Amino acid sequence: MSSCCNTETVDLPIEPRVPGRIRTVALVGPPNSGKSTLFNRLTGLRQKVANYPGVTVEQRVGKLSGIDRSDLTLIDLPGIYGLDTYSEDARVAVDVLRGEMPGTPVPDAILLVLDSLHLRRQLMLAAPVLALGLPTLILLNMSDLMEARGGHIDTLALAKELGVPVAKISATRGTGLDSINHFLNRKAEPDTPAAANTIELPVLGNARSYRQWATGISTRTKYKAPVSNQTTKRIDHVLLHRVWGPLIFLAVVFAVFQVVFSIGQPLSDAFSDVLNTLGDRVAPLLGHGWLESLAIDGVWRGVASVLVFLPQILLLFLFIGVLEDSGYLARAALIADRVMRSIGLNGKAFIPLLSAYACAVPAIMATRTIENKRDRFATILVTPFMTCSARLPIYMLMIAAFIPNKPLLGDLLGMRAAVMMSLYVLGFLAALGTARLLKSSILKASSAPFILELPQYRLPTVRSLGLRLMDRGKVFMRQAGTVILAVTLVLWILSHVPFHATLDTSFIGRLGHFIEPAIRPLGFNWKIGIGLLTSVAAREVIVGTLGTLYGADPATQSLGLQAALRHDLTLGGAMALVIFFAFALQCTSTLAIVRRETNSWKWPALQFVYMGCLAYVASLATNQIILHFIR
Amino acid sequence: MVAIALSSFFGAETEDDFDLSGTWKLSLLSELPIGTTGVVESLDLPGEIQHQLMHMGFVPEARITVVRRAPAGDPTVYSIDGFEVALRRDTAQAIQVREYQTK
């Protein structure tokens with residue numbers, strides 16, 4: 001369905017391990033050391049990377065085609081600090097390494113990725129990993145940065161100390177990667193003596209002895225840490241300032257909405273013109289019969305009415321990408337910790353909540369970094385309240401149709417952007433309120449500690465942002481070309497049977513009129529009712545549905561979708577509709593992922609019913625208030 | 001006194017420009033003012049959290065500097081081994097540090 005996280009799947013070889021033969025290679029390392037960036041380099045795949053610890057929460061598999069070894073399989077694992085497990089994501093990594101992950105064999109070799117900027121601490125992980133006794137290559141990532149900042153390490157001495165090969169690389173730039181090829185070719189020859197048993201390792205499981213060991217090694221290998229980055233400190237001085245910090249945070253949010261409107265809307269209008277012209281050009285070629293009606297009034301109108309929101313969605317993703325790649329997201333979690341604590345959640349829960357502005361599916365998976373299970377479930381249950389990008393089309397459509405484009409604070413904030421922002425705030429408040437409710441009832445637990453690593457700021461690269469936008473654009477277009485296309489096709493057919501029926505007496509019209517009494521008090525007509533039904537598949541489907549239904553109605557056929565809606569709905573009904581979408585859980589992908597992550601149908605069912613009831617009551621109130629007090 | 005001997009031993013190996021020869025007193029990490037550096041003496045936290053913190057570098061004899069507080073006054077950002085990590089006050093209260101008096 002709407003998947004925000006489709007990756008190619010590669011089958012893992014399942015026969016038992018043969019010493020000396022390599023088929024699967026695992027990427028291991030501490031959080032945020034650049035494993036996924038390297039994975040993408042080595043496999044040519046595009047797994048999500050960003051600048052904060054805990055981006056990868058499950059194992060990902062790909063062929064090593066980036067270095068011409070497609071015969072080998074590479075496994076990317078979530079970051080770990082040690083082999084003792086605390087959170088769900090770390091458990092995945094440890095289970096794979098210990099061979100306790102069903103369906104995944106113990107890897108034949110390990111690429112241990114360490115951030116060379118903080119090598120003294122990162123080396124602590126080398127002790128338990130080397131103790132596994134698997135062929136290992138140590139990759140000192142970001143070595144270009146380390147050297148540029150005056151750091152130094154004697155890799156030969158380090159290799160000697162650890163008894164395994166060591167190479168300096170830069171995953172971002174792609175330098176030093178031939179060392180991986182050399183390593184794999186050499187290890188593929190049989191009779192290579194297993195390393196690791198010739199060197200002295202510290203007492204296992206004891207962090208203190210790991211540290212002494214790591215400190216000793218870094219001294220003997222002449223490791224000189226790079227001068228600490230003053231830029232990050234200086235930026236934080238402002239961004240985490242007592243007064244400026246929260247203000248800047250709000251200003252950033254503000255700017256996002258304003259830009260989505262002031263730049264996104266004209267782009268979207270222009271795109272809409274292009275799509276309509278295209279439709280008009282093609283129409284005469286189809287003659288004037290049912291074929292034209294099906295292709296243009298039905299399918300094209302339906303699909304195009306959703307497609308026009310592509311520019312706004314891409315803009316939103318651009319902003320989210322900048323926030324994630326720069327390292328600001330972790331700061332936002334720090335600023336929000338106080339608020340999160342007051343509702344009984346951890347500041348860490350703020351990171352999944354913020355990324356849910358893009359899509360709830362990856363956000364729900366990101367909750368695996370939350371150590372406490374009850375906290376994690378509470379976060380999963382409230383995440384769908386966050387305004388995801390699939391709500392953007394219906395919000396934009398209704399706001400553009402019903403809210404006048406008046407300035408509110410001069411040129412800084414328009415009325416439309418203000419309404420849009422209130423909807424985002426509403427979703428956020430609903431999430432907080434529900435979390436509070438859950439944490440004080442069925443998911444009560446003592447507060448979990450907050451341990452958050454703050455990454456150094458990095459300038460997002462054009463390449464990484466471009467790839468994100470391209471991937472997102474593809475997902476959106478694919479959705480329009482499959483789900484929305486299919487729904488509009490079926491709708492057009494149902495609105496034209498039985499033959500010679502008018503829209504009202506057609507099959508779909510009768511179904512709509514049948515459910516109309518239930519939604520009339522909300523200010524909705526039967527067409528909206530059909531939209532509510534179809535959008536259970538995915539939220540953006542409602543826009544396509546409305547496009548098709550209004551296109552099939554002779555009274556509104558010649559009008560644009562916005563004008564058709566104004567002709568048919570009151571302000572109360574329009575606002576009630578967006579409120580309904582703010583609360584209701586209309587997304588099969590979300591239900592499926594919640595089922596998977598909580599391992600029970602109980603939670604998604606509870607969530608669906610709770611959010612549905614809330615949506616109904618809130619839209620009823622909205623419509624009645626506007627009807628009686630504003631008009 | 002054993003503690004002092006130990007710390008000067010590790011001090012030679014770890015970081016620079018920090019004088020460990022002076023007198024010190026025990027404090028809680030949460031009580032250190034911004035900008036000061038202490039040396040971890042002991043941690044007293046529930047098992048898993050203690051484990052995680054230790055693997056992140058919060059082990060006895062590690063040097064820790066108070067960098068800044070979050071806008072709301074809590075959590076606080078600490079610097080340890082050149083990276084920054086934020087802890088809430090209740091966690092920092094469970095970490096004892098040696099605070100050195102500057103001469």
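**Conventions.** I number residues from 1 along each chain as its sequence is written, and chains are lettered from A and ligands numbered from 1 in the order in which they are written. As the model is predicted, local features need pLDDT of at least 70 and side-chain atom pairs count only at pLDDT 80 or more, while totals for chains, interfaces and linings use all residues.

**Chain A overall.** I found 27 helices and seven strands in chain A; helices (H or I, at least four residues) and strands (E, at least two) are DSSP runs, numbered from the N terminus. The radius of gyration of chain A is 27 Å, close to the 25 Å of the globule rule for 631 residues, so chain A is as compact as a globular protein of that length. That radius is taken over C-alpha atoms, and the rule is 2.2 Å times the number of residues to the power 0.38. I noted that the C-alpha trace spans about 85 × 55 × 45 Å along its principal axes. Buried residues (20 or more other C-beta atoms within 10 Å of their own, C-beta atoms being placed from the backbone) make up 51% of the 631 residues.

**The sheet.** I traced an open sheet of six strands in chain A, in the order β2-β3-β1-β4-β5-β6, with mixed pairing; two strands pair if DSSP finds at least two bridges between them. Its edge strands, β2 (60–64) and β6 (166–168), each pair on one side only. From one strand to the next the twist averages 25°. In chain A, β1 (residues 24–28) and β3 (residues 69–76) are parallel and share four bridges. I looked up the partner of A:Ala26 in β3(A) and found A:Ile75. Helix α6 (residues 155–162) of chain A packs on the sheet, touches β5 (136–141) and β6, and makes about 150° with the direction of β6(A). Axes are lines fitted to C-alpha atoms, for helices over the stretch in contact, and angles run from 0 to 180 degrees between N-to-C directions.

**The contact with chain B.** Counting residues as in contact if their C-beta atoms, placed from the backbone, lie within 7 Å, I found 32 residues from chain A and 30 residues from chain B. On the side of chain A, α8(A) gives the largest share, six residues. I also recorded that four bridges join β7(A) to β5 (residues 83–87) of chain B, and that these strands run antiparallel. In β5(B), B:Ala86 stands opposite A:Leu452.

How values were computed. Contact = placed C-beta atoms within 7 Å. Buried ≥ 20, exposed ≤ 12 C-beta atoms within 10 Å, placed from the backbone.
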